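Dear colleague,

I am passing on the structure below, and my notes on it follow. Please read them with the model open beside you.

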Amino acid sequence: MYNIQKIRADFPILSREVYGKPLVYLDNAATTQKPRCVVEAITDEYYSVNANVHRGVHFLSQQATELHEASRETVRKFINAGSTNEIVFTRGTTESINLLASTFGEAIMSPGDEVIVSVMEHHSNIVPWQLLAERKNIKLKVIPMNDRGELLLDEYEKLFTDRTKIVSVVHVSNVLGTVNPIKEMIATAHAHGVPFLVDAAQSIPHMAVDVQDLDADFLVFSGHKVYGPTGVGVLYGKEEWLNKLPPYQGGGEMIQHVSFERTTYNELPFKFEAGTPDYIGTTGLAKALDYVSAIGMDKIAAYEHELTEYATQRLKTIPGMRIFGEAAEKGSVISFLVDDIHHFDMGTLLDRLGIAVRTGHHCAQPLMQRLGIEGTVRASFGLYNTREEVDVLVAGIERVSKMF
Ligand code: PLP
């Protein structure tokens, strides 16, 4: 049983109004709203536990450390990692990819080596590699897609050379909603002896993700997209890989011993966590993961799939509707344009009706170039959205269309 009314009641913001209209929040791919339990866990920790973690001898510091490390265990369990040594806390997906591009680039890559990414990557899975390309003269190779928004796996296979050092691809596109066949793509990379980074920013909130089943070498995501707080995220890395990489930033926490002559580094995962961690944020993230786990990731996936199907069918009845991304496997994201109405105008007018959608290039300008457009309107659903909200969206678009 998926009790949507009970779920909605957990999110206080959903009952507010915008311009005198009930809020219809359809910008979940950008960030999700927070259930009361997450906000309360954060507040409670500030009110009754707060102390800096690790090495503290006093009661509060030990309690805060226990909470922080218990959160790491919650993340481990959520993605089925083999060990908490493989769970590095970061500020989010972007920092996780930068950490990896920088350290992997430093330790493993030489000038002339190659990274494979796809045409549907978010800028955060393009630019860190380009920065590395500038520093180290490495090359980016790009997996193309068909017009439905599906990656061309034959072309992918052809991109491998003996200079390919890593593949970094998004699990679910934040624009097209395409669910890439990531397990198969990982197996292909491994057949060439190449490790694989999964950008799971848009999959973790919507489906069960098992890093051991996927055999992912690295996997990254953000807390705020999975009903957790902003400013905290995760880099999962296989222990054998993380052990090969140098530290990212220097400072407290990441060291074992410091002298002016020689400094040694802490063990995993602390080697990659310089400075005071966001130990309150990790508590919030763990609470959010507990929250979605209690509903059940498979139930969430089924509910959202059904909702997205309904929305797609309804949207297609609107004259002049063009949907971008019609992959066979699709997540809960719908990008569209109607006639020649500018995406920005559509978004602004929908906002006046209380409907929050995102407009623009969605941090995927190379993908926009491939599609031959400047931007889209994007409706993205979360576990609390309803068919009634889809109906409000459709009526809103029809109203805006008539104005033009
Ligand atoms: N990757 C994908 C697929 C995304 O959708 C996003 C955010 O929209 C990111 C990476 C970047 O996430 P963050 O801004 O939380 O670091």
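By class, the shell around the ligand is made up of eight polar, three nonpolar and two charged residues, where Ala, Val, Leu, Ile, Met, Phe, Trp, Tyr, Cys and Pro count as nonpolar, Asp, Glu, Lys and Arg as charged, and the others, Gly among them, as polar. This is a predicted model, in which local features need pLDDT of at least 70 and side-chain atom pairs count only at pLDDT 80 or more, while totals for chains, interfaces and linings use all residues. Residues are numbered from 1 along each chain as its sequence is written, and side-chain values use heavy atoms, with hydrogens and water left out.

The shell comprises 13 residues, of which the closest are Thr-94, Asp-199, Gln-202, Ser-222 and Lys-225 (a residue is near the ligand if one of its heavy atoms lies within 4 Å of it). Among the polar contacts (pairs of N or O atoms within 3.5 Å), a side-chain N or O atom of Asp-199 is 2.6 Å from a nitrogen atom of the ligand. Oxygen atoms of the ligand are found 2.7 Å from a side-chain N or O atom of Gln-202 and 3.4 Å from a polar side-chain atom of His-122. Of the 390 Å² of accessible area that the ligand has on its own, the protein covers 86% (Shrake-Rupley method, 1.4 Å probe).

A polar side-chain atom of Asn-266 lies 2.9 Å from the backbone oxygen of Glu-253.

With regards

Note on methods. A polar contact is a pair of N or O atoms within 3.5 Å; within protein, one must be able to donate a hydrogen and the other to accept it, and residues adjacent in sequence count only if both atoms are side-chain atoms.
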